[in-house]
Protein chains: 2
Amino acid sequence: MEMTFSRQVERWDIFEAICPGKTAGNPFTDYTIRGTFKSKNETKSVDGFYDGDGIYKVRFMPSFAEEYHFEITGNFSGEKYSGSFPVTPASVNNHGPVRVAYTYHFAYEDGTPYFSVGTTCYVWELQSEELQKKTLETLKKSAFNKIRFCILPKHLDYNLKEPRSYPYIGKPMDSSVLTKENFHEYDGNPPGNEWDFKRFNVEHFRHIEKCIGELRNLGIEADLIVMHPYDRWGFSMMDAECDDLYWNYVIARFAAYRNVWWSLANEYNTMRQKKTCDWERYAAIICEKDVYNHPRSIHNCGVYFYDHSRPWITHCSIQKFDIYKTTEFAAEYRVRYRKPVVFDEISYEGNIQHDWGNISGKELVRRFWEATVRGAYAGHGETYIHPDDILWWSHGGELYGESPPRLKFLYRILSETPGPGLKPLAGPSWMDPAATVEELFGTSGYYLYYFGFLRPSFKDFYFDDTNEYEAEVIDTWKMTIKKTGVFRGRFRVDLPGKEYMAIRIQRKKNG
Amino acid sequence: MEMTFSRQVERWDIFEAICPGKTAGNPFTDYTIRGTFKSKNETKSVDGFYDGDGIYKVRFMPSFAEEYHFEITGNFSGEKYSGSFPVTPASVNNHGPVRVAYTYHFAYEDGTPYFSVGTTCYVWELQSEELQKKTLETLKKSAFNKIRFCILPKHLDYNLKEPRSYPYIGKPMDSSVLTKENFHEYDGNPPGNEWDFKRFNVEHFRHIEKCIGELRNLGIEADLIVMHPYDRWGFSMMDAECDDLYWNYVIARFAAYRNVWWSLANEYNTMRQKKTCDWERYAAIICEKDVYNHPRSIHNCGVYFYDHSRPWITHCSIQKFDIYKTTEFAAEYRVRYRKPVVFDEISYEGNIQHDWGNISGKELVRRFWEATVRGAYAGHGETYIHPDDILWWSHGGELYGESPPRLKFLYRILSETPGPGLKPLAGPSWMDPAATVEELFGTSGYYLYYFGFLRPSFKDFYFDDTNEYEAEVIDTWKMTIKKTGVFRGRFRVDLPGKEYMAIRIQRKKNG
């Protein structure tokens, strides 16, 4: 069998070389494979991985539209492989990977602003084919452009069924003993699990790659949760050697997907076997092995934020720690961390018994807007009780809530920002949250005021005596935008005295 | 002219002696008058005051139903007066003054619990007679049993008209120059004011006494705001000598009313001429001169709470300092101050442009309940735009909001507490606020859970295996109470998955 490889690839798409190699012993641990890629503008080396059946693969994402030469080395084979391939310009919907931009925001590598409107479906990709298909259809209709999900299966209330596949060769404990009352007794690594943590189930990873690719085709970033505590298989309790093997394998397989983000863990601090030195070691592996520098963060439970000032953390991934006040802290976190602030968990729209999963659509949308006018981003989730325990938050499927169309409307408002993003500003009253464009000297003449659950009947404004300003009243719930006039000097904008209103004011360009 | 005095008085009502005296010079400063009252159980001395037209008065509130003897002394007259009077038992609606009870709560002196449901009408008593009458009619229909109002007139947005009277002899600045745009330019003591700060306008004080008495007759505590910063007459900027004269006069006149509370100031920290030593001096005057020990506190603006641990402060009078989170801090304040926690200002139901005056009735009622289940008390106010600028918050009149009937319903729930008040408790989930009865060992078997804007579809409970518990689902907005059953051991209470629900659970008495 010969090596085969992509004969041509689009900029920021995936080059793949498929190489036959040794099968004796354990190919996941006993052999190495590495590819080195050179073009006029870059030289990068990446690890390949064993994909089963005597096949090794090397993947690479080229950052330039030019000719690349590659060499594949390692003891996986007695042979050396090399070749060349041209990289064509990105097609119209391919803007490259997402990067941090203007300190507090994101943009695709081609410069297009990326206004993050995320959602969470922890293990959507481990459900039935039919349900996965439904999830993708739902996502296609939504505004969500980032989805958080786990590589490993999930064990928690409403998550007691078997996943479609496991990441390792072996067999799980018998899940027929689980009930809604006793499931916590099986947390961790109960008897009955038999896994070989040094032999990956390649089909599990291939499937996740397919899902990442499908998300990419929908323009959605895959915020991969690489570790998490909701476990009854022992995957959260492996030793350092197996953890590192896992991290290296994940990066070798997934990093070439331009839409990948790394979330080191969900609720990292509830994984009691892991210490700070472990998280820092995983971070060092990503920083070394992910040559594309995908966004990296780590998600907390309660007040135990990871230190987001760590240099390897590209943006804050925050779970709210308070029932009442969540994204309203955004301006403080911006000052504290000087990074993009993403509230990935701010309670879910739903009606389950848990406090984190039963706010209204109105409250969820309010929290998104409070983040927005403070120059931060938020994430959605939905947990409505379902006869078959199919809750969007874990399983995907359909959305039943009131928030998704309003988040689409918010995305429209964000898209109309005349700049890379918003920054917080004092409003017409000192406590009103408001935003202007993120720029050094605030010359945009763009102002967005949001009143949340407050219900003013009017607000007075004054910017200067010379320019004209156009004011619009935005009903963030009814999703309407009403022009109220063009003003000079002191002026008043009338409001309906209702909740969830915003005012957008923009300076008119000089004649 | 002879002295006249009350021939008989009810316990906790007002004895009054009316004495002719000197008029030469300035009777407000040049003469003293003092009454000493003796009965089997108490001996108390109180200052009298000059009431104009050569008349001095001494007032006294007896705390025991028994024979009292009194003597009136001082240089106000060459004569000495004395006499006796019997004190009859309190009538059925007279429970005496309100006292702190069980550290965190209040009770009338006869032991009846006092569950505070306050409102604010800053200068209701300085409006037209017709409007005052309307205010009293509105109060009569409401659940409000405490009202905060000022002795001095108020100058602020929506408060630009002349009060019915002034506390001093003299004349005010011309208020016809005031507009909604310029009124702040007249803050403080602008030109045009001409007052004699050593001569009180006795009619002003007589009128306020009448109002205090009317409130008392409705069973409403008069939380008197003695000083405040919303001023265009210079009353907030007097020197220490005049301030002390004012304090002594106020106490001599009002302290014998059993329903009086002392609020040293509204937003004390915005009165920039006053320093901590001034507030402490006023407090010392009250502690010395108010021999009845009426409740004493002082109200803040923003995070600048007065140190509520000061021994003279009987209870915390708190204005929220955050737009989003207000009474949810109650449990912390209880721990910090070990006193009753009263949130006297938590934003008003309304639709004016100011952030402190445009929340919904739902949000206001929610804040009351959040206080309740944390063993604290809250205060109402209303600021709906009105064609004649008559806003309940300052002027009284009619209530237009949705909260008052719901506060009446909350008062009913409070009244049904089998004890002196509630204390915070961990709920069925660790973040659910809940309450039980304030008692040392928690044996009441009473539990009140409140879910606010969360919308659980059910909650699971377990207390013990032996007792029976009766559960009720309370819709705090629709004002309904539904019995859901009597349970033993583990049990589930179903909820409608709506906002603003509560669950009350009470242990059944054994057989």
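## Handedness and packing of α7(B) and α9(B)

In this predicted model, the crossing of α7(B) and α9(B) is right-handed (the near helix is turned clockwise from the far one by less than a right angle). The two helices, α7 (residues 361-372) and α9 (residues 403-415) of chain B, pack at an angle of about 15° with their axes 9 Å apart, which makes α7(B) roughly parallel to α9(B) (angles under 35 degrees). Axes here are lines fitted to C-alpha atoms over the stretch in contact, with angles from 0 to 180 degrees between N-to-C directions, and helices are DSSP runs (H or I, at least four residues) numbered from the N terminus.

## Residues between the helices

On the α7(B) side, B:Gly361, B:Leu364, B:Val365, B:Phe368, B:Trp369 and B:Thr372 meet B:Ser403, B:Arg406, B:Leu407, B:Leu410 and B:Leu414 of α9(B), contact being defined by C-beta atoms, placed from the backbone, within 7 Å. These residues divide into seven nonpolar, three polar and one charged (Asp, Glu, Lys and Arg count as charged, Ala, Val, Leu, Ile, Met, Phe, Trp, Tyr, Cys and Pro as nonpolar, and the others, Gly among them, as polar).

## Chain B against chain A

Between the chains, 26 residues of chain B are in contact with 26 residues of chain A, and those on the chain B side divide into ten nonpolar, eight polar and eight charged.

Chain B can be laid on chain A with an RMSD of 0.0 Å by a turn of 180° and a shift of 0.0 Å along the axis (least squares on C-alpha atoms of residues with pLDDT of at least 70 in both), which is the relation of a two-fold axis. The same surface serves both copies, since 100% of the contact residues of chain B recur in chain A.

## Conventions

Residues are numbered from 1 along each chain as its sequence is written, while chains are lettered from A and ligands numbered from 1 in the order in which they are written. Local features of the predicted model need pLDDT of at least 70 and side-chain atom pairs count only at pLDDT 80 or more, whereas totals for chains, interfaces and linings use all residues.

Methods:
Angles under 35 degrees count as roughly parallel, over 145 as roughly antiparallel, 65 to 115 as roughly perpendicular and the rest as oblique. Two residues are in contact if their C-beta atoms, placed from the backbone, lie within 7 Å.
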